Amino acid sequence: MNPKHKLKQAVDSLYRHSNVNPEAYTRIVLDCVRLNDAHQAKRLQSHMDDNLYEPTTTFIHNRLLDVYANSGKLLDARNLFDKMPQRDTFTYNAMLKAYSRMGSADDLQGLFRSIPCRDSVSYNTVIAGFATKGRVNEALEVFVEMQKEGAEVTGYSYVSVLNACSRVLDLRRGKQVHGKIVACGLVFNGFVCNALTDLYAKCGEIDAARWLFDRMRNQNVVSWNLMISGYMKNGLPEKSIELFSEMKLSGVKPDVVTNSNVLGAFFQTKRIHEAQKLFAKIEKKDTISWTTMIVGHVQNGKEEDALVLFNDMLTANVKPDKFTISSVVSSCARLASLFYGQTIHGKSVHMGVDNDTLVSSALVDMYSKCGEPTEARKIFDTIHSKSTVSWNSMILGYAQNGKDLEALTLYEEMLNNGIKPDSISFVGVLSACIHEGLTERGEQYFHSMTKQHGIIPTSDHYACLINLLGRSGCVDKAVETIKGMPYKPDSLIWSTLLSVCKLNGDIEHGEMAAKELFELEPFNAEPYITLSNMYAANGRWKDVAAMRSVMNSNKIKKFAAFSWVEIDGKVHKFVSEDRAHPESEAIYRELKRIIRKLLKAGFTPNKNLVLHDVGDDEKLESICYHSEKLALAYGLMKKPEGRQPVRILKNIRVCGDCHLFMKFVSRIIGRAIILRDSNRFHHFVGGSCSCKDLW
């Protein structure tokens, strides 16, 4: 019979007979302690109270109190403690444990000060409680007091103090404690040595951590895990993998923590296949290992595989947690898959984690990246305790979807609510200023980062400022900004300058930016193509040929531009002049029908955007069958009726002709289109675009 069921039967028997039975009470309370069954302990206490039984010693009440403390039943523990006629040191220690477990540091401190007779357990419990809350000063004060009072300082005492130092990365005081450990001869205690290794690893002194680890007499699985995770925390995943190999040779069996850390190391080093092999070998895959796999695939751009893994996790009857859900929602955001995003949203509601700040923020981001800022705002408004991440998700969501003034208004609201912005907040704010053409206001926001908020601008912020200045025609000022940067400009800065030079037709500065990019990223085709297109737009065909010759001689290949559309949960991908789709004939018929309809309404394809030295017929053929037009035709063909917009994604910036084409379609055919390119979202409705033709 199940021990818990047997215990329930024993308590049921008490209620059937309704008489006081001290021997049965003692036997049952010990079973409650052994099984940590707070429910039956509560029933036992109620039976004693109903029969007005008061034990002659503290034994039974102390054990009940211990069960409540171990089960996190703080209210039950406090109620019993308050009405106990007798109390001893065990009683106080059990109550201290209850406060410590529930993180009630102030109550813990108050009770500790009221104890008439403390022992080492009292001190250790309080030190551990303060350590858990990161209150290192109080933990150290109690530790010093413990020594002054002559209480026995044990290895557990030192571990608790070291944990307090680790939580707040206080290496200075941690080293002081280390000195005391050496002086009292506990340096070879396994638990103490593990705590020291953890301290040095978390505080960035990974070599010192390894020195301690190598000198341990008995390295257990915790020791190996701390060192492996220490390498991970210090950005050394290769070292984690090397140590994992040593661990296997040592004969110590990896546990779930080991596997999770090593899976993370494999993903960080792009060794996805090895991560998959290790995962396949794990016999009991728990929530942590599944979540690590899902997160790893998302971080490596394999969002579809992450969704498959999530489905496999559910099939294996492993319950996801809020971290799993937020990671899967992020996959949907990256894929801009509204279909799966809404499905996962429903799953989060069913699980009851949709109101968690982490999940809610991910949902805001997902709906924003699926072109649904209104739905994102609904989620945002339900978040009770909005973090900076929550505000950032909504600000960026507005900025990405052409609701730039709303983004700036929300940022000001964020400040009024006393929420401190971070570097990501300013990426959203500056992006909104770029789209809205608010040059002066954008500059003010940029300078406020350092002056008002103490945030040092990163390359992302400088790129936004250069974009802002360049789009307003101030290319010279953008160049001066680059020259005044406190660190060497990277490829993002120069590619942003090249982009605005193309917009302004500034070949001189464009050549300067491209030259820098040729040095930084010699095999990236984009700067060669952009400069070549700038030459072509000015009829400089010899320079175009020279660019192509350099690309050919250096074997630099242009990456394929493609678009995709999701129909009933299935993704359909297209490239320019694509004939590979099984329904290509029908797609081309539909696209030609749309083009004829648009031509009658006054649409004229912009053949000047075809930057090749070819005839007009070839130019027309090239521009009419761009990938986003094929995706649109397929979407309209498959969903000819309905109020839902056609959603298209493109991996590069949409060209001017396709942008105009989409505007005409939204007006003539009367269907809204949401197109997400590499720059932003474009919401085409009634002949207008949310980007106001600035993208």
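Predicted model: local features only at pLDDT ≥ 70, side-chain atom pairs only at ≥ 80, totals over all residues.

Residues are numbered from 1 along each chain as its sequence is written, and side-chain values use heavy atoms, with hydrogens and water left out. Helices (H or I, at least four residues) and strands (E, at least two) are DSSP runs, numbered from the N terminus.

**The sheet**

Six strands make up an open sheet of mixed pairing, in the order S2-S1-S3-S4-S5-S6, where two strands count as paired if DSSP finds at least two bridges between them. S2 and strand S6 (688-689) lie at the edges with a single partner strand each, so one side of each has no neighbour in the sheet. Strands S1 (residues 562-567) and S2 (residues 570-575) form a hairpin with two residues between them, and Asp568 in the turn has a positive phi of about 55°. The two strand pairs below both run antiparallel.

| Strand pair | Bridges | A facing pair |
|---|---|---|
| S1 and S2 | six | Ile567 and Lys570 |
| S4 and S5 | four | Arg676 and Phe681 |

**The largest cavity**

A cavity is a set of points, on a 1 Å grid over the protein atoms alone, where a 1.4 Å probe fits but cannot get out, and its lining residues have an atom within 4 Å of a point. Grid points are joined across faces, edges and corners, and a volume is the space filled by probe spheres set on the points. By this rule there are two cavities of 30 Å³ or more, and the largest has a volume of about 50 Å³. Its lining includes Arg676 and Phe681, along with Ala336, Lys369 and Cys370. Strands S3 (646-650) and S4 (673-676) each supply at least two of the lining residues, and the largest share, three residues, comes from S3.

**Two helices**

The expected span of a helix is 1.5 Å times one less than its number of residues. For the 13 residues of helix H9 (residues 136-148) this gives 18 Å, which agrees with the 18 Å between its end C-alpha atoms. Buried (under 20% relative accessible area, 1.4 Å probe, protein chains only) describes Val136, Ala139, Leu140, Val142, Phe143, Glu145 and Met146 of H9. The cover over these residues includes helices H7 (105-114), H8 (120-132), H10 (155-167) and H11 (171-184), and just after H9, Gly150 takes a positive phi of about 80°.

Helix H36 (residues 627-638) has twelve residues and reaches 17 Å from its first C-alpha to its last, close to the expected 16 Å. H36 is mostly covered, with ten of its twelve residues buried, including Glu628, Lys629 and Tyr634.

**Two buried residues**

Ser360 is found in helix H22 (residues 357-369) and is buried, with a relative accessible area of 1%. Its side chain reaches the backbone oxygen of Asp354 at 2.6 Å. Contact means heavy atoms within 4.5 Å, and Ser360 touches Asp354, Asn355, Ile379 and Ile383, not counting residues up to four places away in sequence.

Thr125 lies in helix H8 and is buried at a relative accessible area of 13%. Leaving aside neighbours within four places in sequence, Thr125 is in contact with Leu96, Lys97 and Ser100. The C-alpha atoms of Thr125 and Lys97 are separated by 6.3 Å, although these residues are 28 residues apart along the chain.

Definitions and conventions: Buried < 20%, exposed > 50% of the residue type's maximum accessible area, 1.4 Å probe, protein only. Polar contact = N/O pair within 3.5 Å; in protein donor to acceptor, adjacent residues only side chain to side chain. 1 Å grid on protein atoms, 1.4 Å probe; cavity = no way out; pocket = protein on both sides within 12 Å on 5 of 7 lines; lining within 4 Å.
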